[in-house]
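Please read this briefing alongside the sequence and the coordinates. Overall features come before individual residues.

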Amino acid sequence: MSAQTRTTLKGYFNTGDKPTEGQFENLIDSNLNLTDGGTVANATAVVGSSATLAYKKKIYNSVAQTAAKTFTTDDSGTLVVLASTAGQIQVFNLPTIPDANYIGTFFEFIVLVSGNSASAGSYTINTGGHASDLTASPTAGYDDFHAASKLLIAEPTIVAASDKLTVSPANGDGALILAADTSNAIIATGTHFKCTAVAASTTTASTDVWFLEGTLMTTQATGFVTTALFTAP
């Protein structure tokens, strides 16, 4: 027996005759199976034993580094763990969104170690974008965080009347800076948020591309300073 073409297999049932036993065996042998080889497009990796299959999220752990980490659209879905104890700025660059096919690209961030005192020990997250070539290496902060975004502010203390409840970026804000320094915002562990591309990048600066949602934990929301939380790079 051997694999048969689609035309041959259809012919078995178009003659009006009852298929023979051999024809049924040819039909079974023609069914694609994993031992036939070939390539499965958009395959999803699974982990675990044959009894337990699980989808694994992409993880990027921040480490002590002087070079910026630049993500691509292929990194979409990555959970970025901000847990560095280094004394230098930890920089993360989001990708340019070259066209509508890439809308929906997203990244998640969680803070497990607060940024060190002063802006020199902060976490900086920049948008992408470019003035002339959307396929070129991104220009940090050329796009904007979407002005309609709102991040919730939460603190593990009694809420005071003057505490801020939400914070939003303004036009021209393509950088988000998280640190323990009050000039950038008192960020605490447990902070978590998501950046989702809701529009494609353009060659015009300050295009609203990345929508933010999530919660910023802080040890003191009354003194929460937002003027340096969102900035232009």
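Predicted model: local features only at pLDDT ≥ 70, side-chain atom pairs only at ≥ 80, totals over all residues.

Residues are numbered from 1 along each chain as its sequence is written, and side-chain values use heavy atoms, with hydrogens and water left out.

**Fold and surface**

- The protein chain contains two helices and 13 strands, the helices (H or I, at least four residues) and strands (E, at least two) being DSSP runs numbered from the N terminus.
- Of its 233 residues, 36% count as buried, where buried means under 20% relative accessible area, exposed over 50% and partly exposed in between, with a 1.4 Å probe and protein chains only.
- Among contacts (heavy atoms within 4.5 Å) with a separation of 6 or more, 67% are between residues 24 or more positions apart.
- Carbon and sulfur atoms hold 56% of the accessible surface of the protein chain, which comes to about 12,500 Å², as given by the Shrake-Rupley method with a 1.4 Å probe.

**Largest pocket**

- The largest pocket holds about 150 Å³ of space; a pocket is an open set of points on a 1 Å grid over the protein atoms alone, where a 1.4 Å probe fits, with protein on both sides within 12 Å along at least five of seven lines.
- Its volume is the space filled by probe spheres set on the points, which are joined across faces, edges and corners.
- Lining residues, which have an atom within 4 Å of a point, include Phe 71, Thr 96, Leu 134 and Pro 138.
- By class, the lining comprises six nonpolar, five polar and no charged residues, with Ala, Val, Leu, Ile, Met, Phe, Trp, Tyr, Cys and Pro counted as nonpolar, Asp, Glu, Lys and Arg as charged, and the others, Gly among them, as polar.

**Individual residues**

- Asn 126 lies in strand β6, residues 123-126, and is buried at a relative accessible area of 7%.
- The side chains of Asn 126 and Asn 93 are joined by a polar contact of 3.0 Å, that is, a pair of N or O atoms within 3.5 Å, one able to donate a hydrogen and the other to accept it, with residues adjacent in sequence counting only if both atoms are side-chain atoms.
- Ser 206, in the loop between β11 (192-197) and β12 (208-217), has a positive phi near 65° although it is not glycine, and is partly exposed at 25% relative accessible area.
- Ser 137, in the loop between β6 and β7 (144-145), counts as exposed at 61% relative accessibility.
- Ser 137 and Thr 96 lie 41 residues apart in sequence and 8.1 Å apart in space, C-alpha to C-alpha.
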